[in-house]
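Let's take a friendly walk through this model, from its domains to its ligand and on to a pair of helices.

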Amino acid sequence: MSWTRKLLRVNLSNGTVTEEALNMQWANDYLGQRGLATRYMVEETDPACDPLGPDNKLIMATGPLTGTMASTGGRYSVICKSPLTNAIACSNSGGFFGAELKFAGWDMVIFEGRAASPMYLSIENEKASLLPADDLWGKSVWEADKVLRTKHQDPQTRIACVGRSAEQGCLYAAVVNDLHRAAGRSGVGTVMASKNLKAVVVRGTLGIGNVENPEAFMSATKAGKAVLAENAVTGQGLPAYGTQVLMNVINEVGALPTRNMRETQFEGAANVSAEAMLEPRKSDGKPNLTTNGACYACTIACGRISTIDRTHFSVKDKPEYWINSGGLEYEAAWALGPDTGVDDIDALTYVNFLCNEDGMDPISLGSTIAAAMELFESGAITTAQTDGVELKFGSAEALCWAAEVTAKGEGFGRDIGLGSKRLCEKYGRPEFSMTVKGQEFPAYDPRGIQGMGLAYATSNRGACHLRGYTVASEILGIPEKTDPLESDGKAGLVKAFQDATAAVDSAGLCVFTTFAWTMDDIAPQVDAACEGDWSTDRMMEVGERIWNMEREYNAKAGLTGADDNLPARLVSEPANVGPAAGRVSELDKMLPEYYAARGWTSDGSVTVETHSRLGLPG
Amino acid sequence: MQITFKLYATLGDLLPSNAVRNVASIDVPEGASLNSIIDKYHVPRELAHLVLINGVFVCDADRDQSGMLKEGDVLAIWPPVAGG
Ligand code: SF4
């Protein structure tokens, strides 16, 4: 076993912190992290609860491989009910926090209730206590991190924290750990702040001593690392170019959503691409990208560490941003760039820094600003709302202003903090919101990549690329190439990606390994680490079980098959240029095939047979 | 005939000197196959992973065929890459 078999239960309402045995039956059925924590959510919460009320819970959960020497084995997830979607939320993060939590001896921490005043949780191995955080409230993640480090005086301390956006009720606030790694999506940071919980500070020195078969684990993880090193994507492409290498690819195939998804190619894509991040800039001869970086135990190292041009308008009077910090990843670069029509890489990097500094999901922020720009250009909002700012597509100044006011929850920033759906409803143009289940889209236009339309529509946490990344097959040819413009066969593809990803997300590993690893590379690592037999088939079954459990949670929260939809723009307004020109998403054709492949009813409910075949709770 | 030739990521350095960023205009014989262009610019075939004409993928089997290209087409090539 690689579970510590222990969890911490923190009741914020009455200030108690108690140790509890991990439910090992559930660990066997749901593995860890995403799956296991969702099992606890099913057991302990009412899916219809108010996501920002004390009855919602928030779980920080590791997987069995978190903290081990398996490549990328440093992941943890934050699980709760989402205030953005009212569905189950599970946001995955790298960095070093998750591994440290494991080193302290904990598989997960469950937060319940709500503190009467701001608190933070301090964990030093088995010693865990709730401490006052009044002095941290109102501070950004970066400021709070500094204060906590001074207090705790241990350079190896790892911190996960929420920023001012979360405190101000921005519905897509993130939990940021290690300064620039984030459990980014679905407003998990908003839920954390709603509990008056500012941060979790953890230091663990117990290490990992409970791998089931150490010798087999050494050889399985070694074999896995060799596969990653030899693969051109994980061995060369990702470390050198990061995920941002996709900017030019997705533009070329005509699936780069542009200006709030009105168009499908962006004339400025090359200016905000991975290649552009390597070009020396005029002012100081340095490129945007300083170096790459790795999360705990990762042998891929896709992370970007960047600087902003000091002469750029956004930072020229702000030396606090003349630093090396987390740079642009593809999804963030897309949302802040093509989707807002801005092709200024320094403006995008600055806003990305703000997202880390104050804990905002850059995908939702960028998409919501894009929707606000469309509202502005249509006249639904005016300079009366925007404090005189011309909130137009392509304006880097407007983008930076919008991010600044949202980070602090000031003025119109509070409206942007509502997310695209509520913002567009508020100003009478709901059709401008590019969301599924209230969550903003990532960087692939479903008119040009058909499988992604189905993946977005059926994602259990609202529009999301990481729940079923069929781009790998449809565009990148991993594991094999399928035609992105063809909807035939995509139902099965989406299901396979969704189930596999649910298993990977529950193991403690990074999903980027799957550009090189198949389940046949992953299962032996889990098998050697954990008690019992973990075959490829069992991993896939666990993934399917998790997917269906999330679906049932959402059904009890009030979501139905009618929520498996896409905005009208994507199913009725054809792509304007590129290979997909003239096409719309064929969701209506794929969705019934998908329900059938899942063993669900024609209206998208999990059938009694599927429920009992998978041994689902309840 | 003239076509637009784009090489990205690690392949970018293989473009001719008139390239701006990752894009060059090149002259190719009528009927040139994609592999003949790939070879001419010393793109290792195993790294010509994602090969697109006007954004549409061309599979391995079609890259030796002549007549795939016409005047003004855009040929773009990437090594194996991924992101997300
Ligand atoms: S591949 Fe990238 S995101 Fe994943 S663990 Fe490694 S550095 Fe972190």
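Predicted model: local features only at pLDDT ≥ 70, side-chain atom pairs only at ≥ 80, totals over all residues.

Residues are numbered from 1 along each chain as its sequence is written, chains are lettered from A and ligands numbered from 1 in the order in which they are written, and side-chain values use heavy atoms, with hydrogens and water left out.

**Domains**

The bounds below come from an automatic or database domain assignment.

| Domain of chain A | Residues |
|---|---|
| domain 1 | 6–203 |
| domain 2 | 239–252 + 258–433 |
| domain 3 | 448–455 + 468–614 |

The C-alpha centres of domain 1 and domain 2 of chain A are 26 Å apart. Between these two domains, 34 residues of domain 1 are in contact with 35 residues of domain 2 (contact means heavy atoms within 4.5 Å).

**Ligand site**

Around the ligand (a heavy atom within 4 Å) we find residues including A:Arg75, A:Arg181, A:Cys295, A:Cys302 and A:Phe512. The shell draws at least three residues from each of domain 1 and domain 2 of chain A. By class, this shell has eight nonpolar, two polar and two charged residues, with Gly counted as polar and Cys as nonpolar.

**A helix pair**

In chain A, the axes of helix 21 (residues 536–556) and helix 23 (residues 587–598) come within 12 Å and cross at roughly 115 degrees (axes are lines fitted to C-alpha atoms over the stretch in contact, and angles run from 0 to 180 degrees between N-to-C directions; helices are DSSP runs of H or I, at least four residues, numbered from the N terminus). Helix 21 contributes A:Glu544, A:Trp547, A:Asn548 and A:Arg551 to the contact, and helix 23 contributes A:Tyr594, A:Tyr595 and A:Arg598. Three of these contact residues are nonpolar, one is polar and three are charged.

Terms used
Helix = DSSP H or I, 4+ residues; strand = E, 2+ residues; numbered from the N terminus.
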